[in-house]
Amino acid sequence: MAKQVLSCTVNDEPAEVLVQPWDTLLDALRERMGLTGPKEGCGTGDCGACTVHFDGKPIASCLLLAMQARGHSVRTIEGLGRPGALHPLQDAFVRHGVPQCGFCIPGVLMAAAALLTENPRPTEEEIRYGIAGNLCRCTGYTKMLAAITEAAGATAGRRS
Amino acid sequence: MSSVMKTTRDVKGIGLSILRPDAPDKVTGQVQYVADLNPRGLLHAKLLRSPHAHAKIVRIDVSRARALPGVRAVLTAADIPVLKKKAPTRAHAVLAIDRVVFAGQPVAAVAADELAIAEEALDLIDVQYEVLPVAADPLESMKPGAPPVAELGTEADTSEALAHGSVAGVTTEAKSAKAVNISQQARLQRGDVAKAFAESEVVIEKTYRVPMVHQGYLEPHAVLAQWDSAGNLTLWASTQGSFNTRSEVADVLELPENRIKVIPMECGGGFGGKIRALCEPITAVLARVTGRPVRYVMTRREELEAGMPAPQVIIKMKTGVKRDGTLMALEAEAILESGAYSGAVLAVAGVFLASLYLWPNFDVKGFEVLTHKPSIAAYRAPVAPQTIFAIDSQMEQIAKAIGVDPVEFRLRHLQREGDKMANNQPWLSNGAVEVLTRIAEHPLWKKRAEWKASSKDGKLRGTGLSLGGWLGGLQPTGATVRLNPDGTLQVLTGQVDIAGTNIALAQIAATAYGVDIDKVKITTGDTDVAPMTGLSAGSKSTYTVGVAVMQAAESARNQTLEIAAKELEASVHDLAIEDEKVVVRGVPNKGITLASIGKKGNLYMSKVEPVLGTSHPAFSVQAPAFCAQLARIEVDPDTGEVTLHNFVVVQDVGKAINPLQIEGQMQGGAVQSLGMALTEALLYDDKARLTNPSLLDYRKLTSADLPNIETIIVEKPAPHGPFGARGVGEPPIVPAPAAIANAIEDATGVRLTHLPLSPERIALAIASGS
């Protein structure tokens, strides 16, 4: 099978890359576009490390074929914020000392960011379920909860 | 080594929750793991793995795979002359020769232009197997006549045992008895056990069982290999110890160590599973054969089926006490299932079982047993959670049986500093009493009767606690500290920083030298440039490398002061470092900046030596570290479901170098411990094939399963630790299984002895009233 052209929007910029028909969106982002922030922890949608926003909704990018993203908008951790201009969630994760090994962190942040867009004032339980699709083996989640809770307040505060 | 440097003012160094400087890169996806590297000309590797746990390889035909366009190499064991038929360790079993001994064992390797081509090539390799009988259960495998796992009798591999533990100080013996699958045996005895049991008034006998579990790091094993034209190999590795990786690869491939450079990339979790070499040798061979960079990344399924999990541990335990609580005798038999290759830390199990409490008479036997499963490796405090589950559950039951307070009972019999452990070594200074006392003061413990009484809606409430710990690892290590021409400090070690140890080491350097942390930069060097540095394992990164960094910084400070003394024509004893200047005490306005001392060390024609502090200590004194945990739970007796309402971790860290990072260690370790307690198990069928090879079926705890983990830090200084610090990483994974089992008994009255404490097990136990 010949390679196909994937045209979509990635991190607010138009993107056009050649992908194999069997490439997942995660493959396309990591191997064809050099966006290695999303991680592959399982390849079967169980760990959440590959979470990106697809038209604003959090998805496991390892479960979507790349060509299914044609014409859609994708946001990866690289498009959430950058060193020096961190998203409030990223800033809170740094200040709360959340990252240890760091491998799950991009996925957790994308899940949390999507949660706060949909629900700017989540309860503790809503946050716990909001990131329940993201496995972390280092932190025990406690500091993540604190950071997301604080960022939720900060985000809502900025809007008002 | 515990000396605190005198600085004339408090610098920003140890004791503060300083943020990791690499955290912004971690939260923006900028840090690089091995799988993120994509050099020009990269090839992708895949391994063909055996579907059978035990089989003879009759024939392998790779011709169709080699003919596939885009395939650059297809290798079998026959193509790699250095491979030995009898692989002494798992790392040496690069590709199977003639026989496979576990399902998932690599049989052939492919390198191709694209991963999909490599995967397709695997389907084109024809292997004819003759399936052989399988040893799937350790208790069966121990018996004479069981299907043999090692071909020529078994060889003990105690290197892991030595690594961790020297920890134990017990020698284990290689065993080549008729029971061919018993690969190590150990025995610890004291007193007259038979007589003591005869005089005992309360005897309790139970069998505890903890299944194989996976370390569960989120980043699967990954390595990138590339050779230069002069025959030097570079490995970009996800490893807990780059020098260890170098040694193992050199040994397997018969290469000089100085021809291999291991670059430790960001490591996405290890927990003991990334100490030993696994996929590095085959990737190096593929890179050499193809003359291209080759990257190999394990899939999650491969990780679960053919990683290096923790052993299954089965402990038969019998205890005898007097009705007044006097301990009489302990008898235990610990069976550690090691999979297809030897390597369990048998001695540690024995020592933990008989050394935590003062048993005047004991007889502890340990057996390492081989089965046709993937061989095991360390997992955060190897075998401590399993053995503490047994001994602490037993102590709780004894206290209940004789009607005494369980905390007082433990405190009464806990071995103290100077008491003889089972291996006759004295216990070193530790905070076991302090953490247990502290957790018993917690309101959740004091109000356990109220919590139990508040049970409603048919649910049952209970509280449980447990005490566990780790003896502390040791390994020689090295560090250098340089003064730069602008007065900043440069710290270099080979320490792989997984959990935030580099910021703690930088804090130690700051305090020992006498500058603020923002003047210190720390680098993890590769094996070509860094001083020899030990593993990031054994709760010893800060305890040992911290000493090296502290001493190197002290040396750099002394060199700095000597240079300043000459420049200022003052005595070294009158000098101090303040605000990035060396000043003369009591003489205002007389001083020299660190920058000018640094500059003089790098000036053309200068006669001032550059400041270079070095330290390369070896160690002989461990620092045991203890942790107590408390669980407040609710059990649904109909479904067996456990809801965790509160969980408390109290841990002695000696001196909290960076409290924020330590809390993270305590919380993460506790949740791994809870996973072992409640949900995790690698499940095998009777053909020794894994039946749950995905993260959907190998159930780790999620944020929705847990409450916040409360942490309480206790500081009882370790006499030889840097500024009194002890190891932090391992103790928190130890106590939860016993704490949860104790809480379940408090809630329901049933005692469970097999992990995980799953809803099914709990509901069945309640239904049968056992």
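Trainee: Why are strand 11 (residues 233–237) and strand 12 of chain B called paired?

Mentor: Pairing requires that DSSP find at least two bridges between two strands. Here 5 bridges join strand 11 to strand 12 of chain B, and they run parallel, so the pair qualifies. B:L233 stands opposite B:I260 in strand 12 of chain B. The model is predicted: local features need pLDDT of at least 70 and side-chain atom pairs pLDDT 80 or more, while totals for chains, interfaces and linings use all residues. Residues are numbered from 1 along each chain as its sequence is written, and chains are lettered from A and ligands numbered from 1 in the order in which they are written.

Trainee: What makes the crossover from strand 11 to strand 12 of chain B right-handed?

Mentor: The chain passes through helix 7 (residues 242–253) of chain B between the two strands. With the strands pointing away from the viewer, the path from the first strand over the helix to the second runs clockwise, which is the criterion for right-handed.

Trainee: Which residues of strand 12 of chain B lie on the covered face?

Mentor: B:I260, B:V262 and B:P264 do, while B:K261 and B:I263 are on the uncovered face. In a regular strand the side chains alternate between the two faces of the sheet.

Trainee: How do you know which residues form the contact between domain 3 and domain 4 of chain B?

Mentor: Domain bounds come from an automatic or database domain assignment, and contact means C-beta atoms, placed from the backbone, within 7 Å. The contact takes 29 residues from domain 3 of chain B and 37 residues from domain 4 of chain B. Helix 11 (384–402) of chain B gives the largest share of the domain 3 side, 8 residues.

Notes
A residue is buried if 20 or more other C-beta atoms lie within 10 Å of its own, exposed if 12 or fewer, and partly exposed in between; C-beta atoms are placed from the backbone. Helices (H or I, at least four residues) and strands (E, at least two) are DSSP runs, numbered from the N terminus. Two residues are in contact if their C-beta atoms, placed from the backbone, lie within 7 Å.
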